[in-house]
Structures are given as structure tokens and as C-alpha cells.
Amino acid sequence: GLKSDELIDTFQLGFANRTLCKRLSNQTRKSSAALRGRLARLGVFRESGHEHFNGSLVIPIFDEQGHVVEMYGRKVNDRLRKGTPLHLYLPGPHRGIFNHAALKAHKEIILCESLTDALTFWQAGFRNVTSIYGIEGFSVELLEAFKQHGTERVFIAYDRDEGGERAAQVHADKLAARGLSVYRVLFPKGMDANEYALKVTPAEKSLAILLEKAELIAGEDTSLRNASSLRSATADKSDRQAGRAAVAEPPSGRVPAAAPAPDLSTKAPDEASK
């Protein structure tokens, strides 16, 4: 469901399709060998010579200077050999913060469990969104960034499964210890943001409803449920810069009214569709 040209351009999304070696062969032999060596050291090529992210949607993570510091790959085909991971990162500890620009522009931040969920919120107009790297990928770097930019409220939009629930409370306690107010966005049981947005359309309204109904789970209740950061926004294309996510201030007014979303708790799709 991630079909926006603006989304693809802003976050420089790509697809690994086994053509990297061929592209490198277009360089001089010496240049090609040097590039291949650097990519191997970074983990883009495996020791076997195969592309690490082959068959994956690839999302680069940029630092504030626009340099790629991490990469995430999500297999686009779920029919894989047993044991093949759906989610891939570069080797070593996670680095960087997805959509760092959001933390600079907003005091309320939507925090997702996966980058595909964060992209779902962004495409629906909620530009104040970032993500951890899976439930084990909550970093000190992110905590420090919240502190640095004066984040006041965090809306945890993790998967509504056992792992997501457990991680949401653990991470909420860490955030509250830093003085933040933390709210839990409650998807139907077993669902995540991307699945929900595809099931209950239009996504802009369905996600807005859940944000307004989010429950306090740590810290003091200081939520401004109709504040600018919880409204949908349309990014100004002229604000985009290569390698960085643009953040546009949303228009004035309340979150669009909508009928209550239906209860899909008995229709939860397979978690692997994330």
C-alpha cells in the first residue's frame, strides 16, 4: 500500500534485484573492485558475493548531514525458504534515526515498531513519525534525540501482539523516566499500523481516530489530542531535500471527523504480512 511517489522520492526507497554487480561492472576494473570491497565491508555484499538485501524493499537511514548510516530491507515475497528472515539490516549495531526531521519540528511524536508502519503514517499525512528497528531495536541514540529536541509526548504505535505489548510498556517506562508522557495507540488485536491502514480506509481518518483514542501508559497526561502534530498534513514538495525527510507544518483545524472504526479484532491477518 505504499504507493506515493512523494514517499518514494523523500525517503529514497529502492529495491534490491541482483543488478548491483552488473552496475559495478560498468566502472573501470580498479574502481569496481574498490567499490565492491567497500560494500562488502559495510555488509551490502555478503561473503558469498550475493547482495545482502536481494529481493527486498530497501529503506536507507540518513544522519542529519544526509549520509546513509543504516539500511533496512523488507522482503517483498513472503513465500520464502524456511528460516529466511523477512527483515534485514546491515551488520553491527543499529545507527541513525528514521525521519530525524520530525523530531526537530514536533513536540509530539508517533513511534512505530517498523519502518513500513512509519511510512504508512507518513503517507497518510502524519509527518511527525519515527520508528525503532523492531522490538529489540530501541536505541539510546533515539532516547537522546528525544531529549535533545525537547519531545514532550510519544504515541507508541507498535504491533498489537504479545511482543509489541511487552516492548511498548518497557519502552514507555524508559521514556517516562526522561520526563515524557507516553500513550499507547491500540490497534485491533494482532494488527499493526500498515495492516490496519489497508483494512480501514481512508487511512488518514482511521489512523487519526486511533491517535485520538490512545491511552496514557506512562508519565503525566499532557496530550493535546487536537494539536498540530496529531493532524494530517500534506508535505510541500519544494521542501524535500535529497536524503532527508521533509516535514511540513499541518494546516489549522481538528483531526477530520469520521465514523468509529469497525472492530477487526476477530479478523486479524497474519503478522507476516507486515
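**Sheet, cores and an enclosed helix**

G14 stands opposite V58 in β2, where a strand is a DSSP run (E, at least two residues) and a helix is likewise a DSSP run (H or I, at least four residues), both numbered from the N terminus. The model is predicted, so that local features need pLDDT of at least 70 and side-chain atom pairs count only at pLDDT 80 or more, while totals for chains, interfaces and linings use all residues. Residues are numbered from 1 along each chain as its sequence is written, and side-chain values use heavy atoms, with hydrogens and water left out.

**The sheet**
- Four strands form an open antiparallel sheet in the order β1-β2-β3-β4, two strands being paired if DSSP finds at least two bridges between them.
- The edge strands, β1 (14-15) and β4 (87-89), each pair on one side only, and two bridges join β1 to β2.

**The nonpolar cores**
- A nonpolar core is a set of buried Ala, Val, Leu, Ile, Met, Phe, Trp, Tyr and Cys residues joined through side-chain atoms within 4.5 Å, and buried means under 20% relative accessible area (1.4 Å probe, protein chains only).
- The largest such core has 35 residues, of which F98, I110, F121, F126, V185, F187 and L207 touch the most other members.
- Apart from this core lies another, of 21 residues, including A102, Y158, A168 and V182.
- Leaving aside residues up to four places away in sequence, V185 touches F155, I156, A157, L210, L211 and A214, contact meaning heavy atoms within 4.5 Å.

**Helix α9**
- Seven of the 10 residues of α9 are buried, so this helix is largely enclosed by the rest of the structure.
- The cover over the buried residues of α9 includes β5, α5, β7 and α8.

Definitions and conventions
Buried < 20%, exposed > 50% of the residue type's maximum accessible area, 1.4 Å probe, protein only.
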